[in-house]
Amino acid sequence: MTRTALVAGGGIGGLATAAALAQRGWDVTVYERQSELRAAGSGIYIWENGLRVLEAIGAYEEVAEGAFFGTHFEQRDHRNAIIESSPIAADKRLLTVLRSRLLHALKSACERAGVKVVTHAEVIGATARGELLLAGGKTVRADLVVGVDGVWSRVRQSLGLELLHEQTREGALREVIPARPGDFDPQDQGKYIECWNGTRRFLITPVNETQIYLALTCMQDDEAVDLARNRHLWIASFPEWAHLIERAGAASSWGVYSITRSRAWSAGHAAIVGDAAHAQPPNLGQGGGMAMQNGLALAVALEQAKDARDIPAALEAWEKAERPLIEHCQRWSILYGEVTYLPDDVRSRVIRSAMGDDWVAGQVFMAANSSPTGTTASQGRRTPASLEEIR
Ligand SMILES: Cc1cc2nc3c(=O)[nH]c(=O)nc-3n(C[C@H](O)[C@H](O)[C@H](O)COP(=O)(O)OP(=O)(O)OC[C@H]3O[C@@H](n4cnc5c(N)ncnc54)[C@H](O)[C@@H]3O)c2cc1C
């Protein structure tokens, strides 16, 4: 008999989860509160682990077409001098793309797998019996419900799974601007460039041949948050990039980061995935990758549930297997962000020595270099450092 699943939230994690379940024979319906499936934010980094997940669910080709594959990830100091310039190895891919393109590719994978999407549908809660409660009073029921409804997850809250939801003092202005010839000096072509100055950071990310994604990060109480009025502050911090900063501000959106921790990722026939369960600050560019990776892992784990009664145990096994890596990634993303508070010269020394240390680099890139459950490589390839090491 076909098993049924209801997914709350049609973002990156929700669509990846829905596609992976439907590809394994589930009858899946996604409930999304917006009037259409729409990506919030501008561009996104997807590391090797996330790309393998996209390959596994058949969304990779569409994402990769025309996307930007950088050759180096570079950190620079307050004088625009290079702190570290790390080449991106061919077998450890990193791609940057518009979020709208990623979401479209995931939506296409869902459509091919027969996933149904209901928009204008706000979920206000869930039960461990496999029910989703919708605004307006309707309740829908299935063998499984999955809350992938973001950092303010009503599913997480209503199931009593929330341990912590913390918002950081730091946040980001994000925007995509048109690229122009001469934007980059010849030696800067093909690079992702992250510049630091005090508690301000300027991240320059090409997303295709014609567009550049800019992220300007600072503390919430910094006047620079008002980019339109205080553009001069950003230009004073990053004068070499004034030509890009001048082009930003028309459509930039400000948001602080969230960290969520959950008592457990499931209760009976209900589970939570993505930012709902394990949001992290974006310092490692892995929140979306972890959401997609964990959605696929959930679908794979449920292959062990031969009967609907086996679902709670399969969900517990899924959490046991996946949680160590995801929490490791969350921890190191938080830790990486701490350099923000160091004086400029100290920060440069810390970044240089930390990233030059094999052990530290191994921890930072543990998730990126992991072999996600359900991907082809995971059958033959091990995560570089053993999972025992991160427990
Ligand atoms: C500044 C910044 C930069 C980032 N950069 C990167 C990056 O480069 N790479 C990366 O991998 N990650 C990045 N992230 C993290 C990434 O954006 C998130 O981890 C990812 O979007 C999580 O996906 P999700 O599907 O769990 O949640 P979301 O993307 O938040 O999707 C949740 C969906 O649920 C819907 N929803 C919410 N509430 C309800 C409800 N009650 N009922 C129905 N629907 C609901 C929402 O409308 C939305 O569509 C970044 C985050 C920030 C803040």
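Q: Why is strand E2 largely enclosed by the rest of the structure?
A: This is a predicted model. In it, four of the five residues of E2 (residues 27-31) are buried, so the strand is largely enclosed by the rest of the structure.

Q: Which strands pair with E2, then?
A: Strand E1 (residues 4-8) runs parallel to E2 and is joined to it by five bridges. Strand E8 (residues 116-118) also pairs with E2 in the parallel sense, over three bridges.

Q: What unit do E1, helix H1 and E2 make?
A: A β-α-β unit, right-handed, with H1 covering residues 12-22.

Q: Switching to helix H4. What should its span be, and what is it in the model?
A: H4 has 15 residues (99-113), which at 1.5 Å a residue should span 21 Å; the end C-alpha atoms are 21 Å apart, so the two agree.

Q: Which of its residues are buried?
A: Leu102, Leu103, Ala105, Leu106, Ser108, Ala109 and Cys110. Their cover includes H1, strand E3 (43-47), helix H2 (48-56) and helix H9 (287-301).

Q: And what follows H4?
A: Gly114, with a positive phi near 85 degrees.

Q: How many residues are in the largest nonpolar core?
A: The count is 86, and those with the most contacts inside it include Leu102, Leu106 and Leu302. Another core, of 21 residues, lies apart from it, with Trp234 and Trp241 among its members.

Q: What does Leu302 touch, leaving aside its neighbours within four places in sequence?
A: Leu302 is in contact with Arg3, Leu21, Trp26, Leu144, Ile311, Ala314 and Leu315.

Notes: Residues are numbered from 1 along each chain as its sequence is written. This is a predicted model: local features need pLDDT of at least 70, side-chain atom pairs count only at pLDDT 80 or more; totals for chains, interfaces and linings use all residues. Side-chain values use heavy atoms; hydrogens and water are left out. A nonpolar core is a set of buried Ala, Val, Leu, Ile, Met, Phe, Trp, Tyr and Cys residues joined through side-chain atoms within 4.5 Å. Buried means under 20% relative accessible area, exposed over 50%, partly exposed in between (1.4 Å probe, protein chains only). Contact means heavy atoms within 4.5 Å. Helices (H or I, at least four residues) and strands (E, at least two) are DSSP runs, numbered from the N terminus. Two strands pair if DSSP finds at least two bridges between them. A crossover is right-handed if, with the strands pointing away from the viewer, the path from the first strand over the helix to the second runs clockwise. The expected span of a helix is 1.5 Å times one less than its number of residues.
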